[in-house]
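Subject: Structure handover

Hello,

Here is the structure I promised to pass on. My notes follow below it.

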2 protein chains.
Amino acid sequence: MSLVITGTVAFDAIETPFGKTDKIVGGAATYAGLAASYFYEKVKIVGVVGDDFQEKDINVLRSHGIDVEGLQVKEGEKSFFWAGKYHIDMNSRDTLVTELNVLADFDPLIPESYQDCEYLLLGNLTPQIQQTTIQRIKEKPKLIVLDTMNFWMDVALSDLLDTLKMVDVLTINDAEARQLSGEYSLVNAARKILTMGPKYLIIKKGEHGALLFGDDQIFSAPALPLADVFDPTGAGDTFAGGFIGYLARVGTINFNNMKNAIIYGSALASFCVEKFGTEGLKDLSEEKIAARVREFIKLSSFVIE
Amino acid sequence: MSLVITGTVAFDAIETPFGKTDKIVGGAATYAGLAASYFYEKVKIVGVVGDDFQEKDINVLRSHGIDVEGLQVKEGEKSFFWAGKYHIDMNSRDTLVTELNVLADFDPLIPESYQDCEYLLLGNLTPQIQQTTIQRIKEKPKLIVLDTMNFWMDVALSDLLDTLKMVDVLTINDAEARQLSGEYSLVNAARKILTMGPKYLIIKKGEHGALLFGDDQIFSAPALPLADVFDPTGAGDTFAGGFIGYLARVGTINFNNMKNAIIYGSALASFCVEKFGTEGLKDLSEEKIAARVREFIKLSSFVIE
């Protein structure tokens with residue numbers, strides 16, 4: 001059995017108040033895959049890159065035991081490239097460059113060896129590609145998690161609504177939950193969205209943590225207050241990867257395990273933002289992750305008899 | 001021994017997307033006093049009103065056992081009046097009218113019977129009035145909590161900094177913590193603010209909960225996600241009143257009790273915003289509050305072995 005992640009594998013150039021990078025390996029599937037690899041052995045990527053993506057770049061994934069058979073390499077074409085600059089508050093950014101390149105006509109081919117997919121994470125891509133990915137996996141996975149963004153609500157809402165009917169968990173931010181539902185209260189927004197298909201909704205609130213809705217329950221997860229956030233790029237993808245990776249490890253889908261999965265996803269995201277690009281996800285260990293999770297426990301626990 | 005609360009006692013006229021009120025009884029000391037009265041018997045108010053403030057208005061406080069000997073009534077003058085209109089998101093509002101009236105030359109007189117003050121809450125007022133209140137209480141209280149806002153950072157920073165040296169706990173919101181410290185990261189902001197006098201800092205984040213810093217620890221408290229917020233007026237004052245009222249009841253100041261005090265303060269604030277004005281604080285009970293606190297526990301608890 002395996003955990004399949006569809007998403008971008010790309011080059012990013014990032015500028016923050018603390019420094020800037022040249023083109024470095026990024027993309028939703030990269031961040032999510034690295035995060036998931038700390039929890040589950042059989043992580044498999046579906047994506048596309050150009051021939052500018054070198055062996056050393058692909059090895060960022062391979063070195064974490066990630067299967068890249070489903071990563072198509074298009075000869076004579078270039079990889080998806082994004083350049084962005086973060087403002088001082090790190091919560092807003094300007095996109096300087098978006099070159100779709102190979103992503104423009106990406107067809108998510110699923111290798112035969114991926115048909116054992118038990119957990120499926122659909123990283124932020126067009127709803128159409130997300131839907132095609134689901135349709136090409138012959139046996140319905142045990143859990144499908146979909147990440148999306150406001151852009152697709154603006155330009156492909158009908159496709160998105162169709163795709164939502166096919167998934168178990170949706171992850172979006174608070175502004176997107178409000179946009180998708182037309183409700184300002186997040187409680188009312190969640191109620192509406194949970195009638196659109198997903199059984200669970202995760203609302204990501206960045207430095208304010210995350211909310212999980214489902215099974216007529218709500219869970220509020222804290223974010224770890226950090227002294228220094230160097231680079232928020234990939235935090236949401238890392239969260240999603242850690243979340244589904246943890247669930248794949250425990251193997252049972254219920255609200256309590258989802259709560260813990262959110263804590264583990266948040267812990268991985270907190271490592272991610274402490275360094276540039278994927279740097280913070282490279283050398284983690286069970287021990288480091290467990291210590292970080294203990295910080296979340298300490299941060300949010302209280303005892304009232 | 002007693003809990004003394006200095007702050008505005010006023011008339012408000014409130015308009016939200018859900019309705020509007022005529023002049024109703026409001027003010028920081030009113031909200032804080034009502035909240036504190038559910039935890040502690042000897043709550044005493046220092047404030048000032050005009051002769052437009054009728055017996056029935058004062059009875060809003062008296063009916064909760066609140067001592068109003070320190071509430072000055074100025075004959076021939078009018079009470080402080082604020083009118084505001086909330087936007088659809090309930091997080092922003094326009095002030096339509098601010099009439100200082102009796103507040104313009106408010107001198108916080110402390111009745112002799114208030115000199116048993118053990119807990120002191122300085123609601124949002126000029127730092128000068130807050131300081132005078134502290135100085136007029138002969139024996140230093142066991143705990144002084146100060147609430148303030150960005151306005152005083154803009155126009156009376158030097159006074160505010162002097163006053164901060166005299167208090168134990170400061171409550172402000174996240175934007176104010178950033179303004180006061182000049183630090184964007186709330187961790188760094190807290191580090192700086194805790195060198196300015198207070199031993200504890202509470203950062204109020206509205207619908208995102210609150211953070212407590214002190215004793216080299218951090219606590220992140222959730223906010224209860226509510227389907228319907230009718231009127232946020234007084235939520236911060238209610239929080240502060242519940243917070244100090246709970247601490248007065250338990251009688252021991254330490255980080256763990258502060259954490260619980262934040263949960264109780266947040267629970268009271270959640271009742272406050274569900275109705276207009278002080279309506280939501282009028283008919284609470286131990287049972288209702290305990291049930292609401294259980295919702296906070298359920299909302300934020302998770303078990304990772």
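Strands here are DSSP runs (E, at least two residues), numbered from the N terminus. Please keep in mind that this is a predicted model.

By that numbering, A:Ser220 sits in strand β14 of chain A, residues 217-221. Its relative accessibility is 11%, and buried means under 20%, so A:Ser220 counts as buried.

Next, strand β7 of chain A, residues 81-86. Five of its six residues are buried, so the strand is largely enclosed by the rest of the structure. β7(A) pairs with β2(A), residues 10-16, in the parallel sense over five bridges. There, A:Ile14 has A:Gly84 as its bridge partner. β7(A) also pairs with β8(A), residues 93-99, this time antiparallel and over six bridges. A:Lys85 is bridged to A:Asp94 of β8(A). The hairpin of β7(A) and β8(A) has six residues between the strands. In that hairpin, A:Met90 takes a positive phi near 65 degrees.

Most residues other than glycine have a negative phi. Two asparagines also deserve a look. A:Asn101 has a positive phi near 50 degrees. A:Asn101 lies in the loop between β8 and β9 (117-122) of chain A. At 28% relative accessibility, A:Asn101 is partly exposed. In chain B, phi of B:Asn101 is positive and near 50 degrees. B:Asn101 lies in the loop between β8 (93-99) and β9 (117-122) of chain B. Its relative accessibility is 27%, so B:Asn101 counts as partly exposed.

Best wishes

Technical notes. Residues numbered from 1 in each chain as written. Chains lettered and ligands numbered in written order. Predicted model: local features only at pLDDT ≥ 70, side-chain atom pairs only at ≥ 80, totals over all residues. Heavy atoms only, no water. Buried < 20%, exposed > 50% of the residue type's maximum accessible area, 1.4 Å probe, protein only. Helix = DSSP H or I, 4+ residues; strand = E, 2+ residues; numbered from the N terminus. Pairing = 2+ DSSP bridges.
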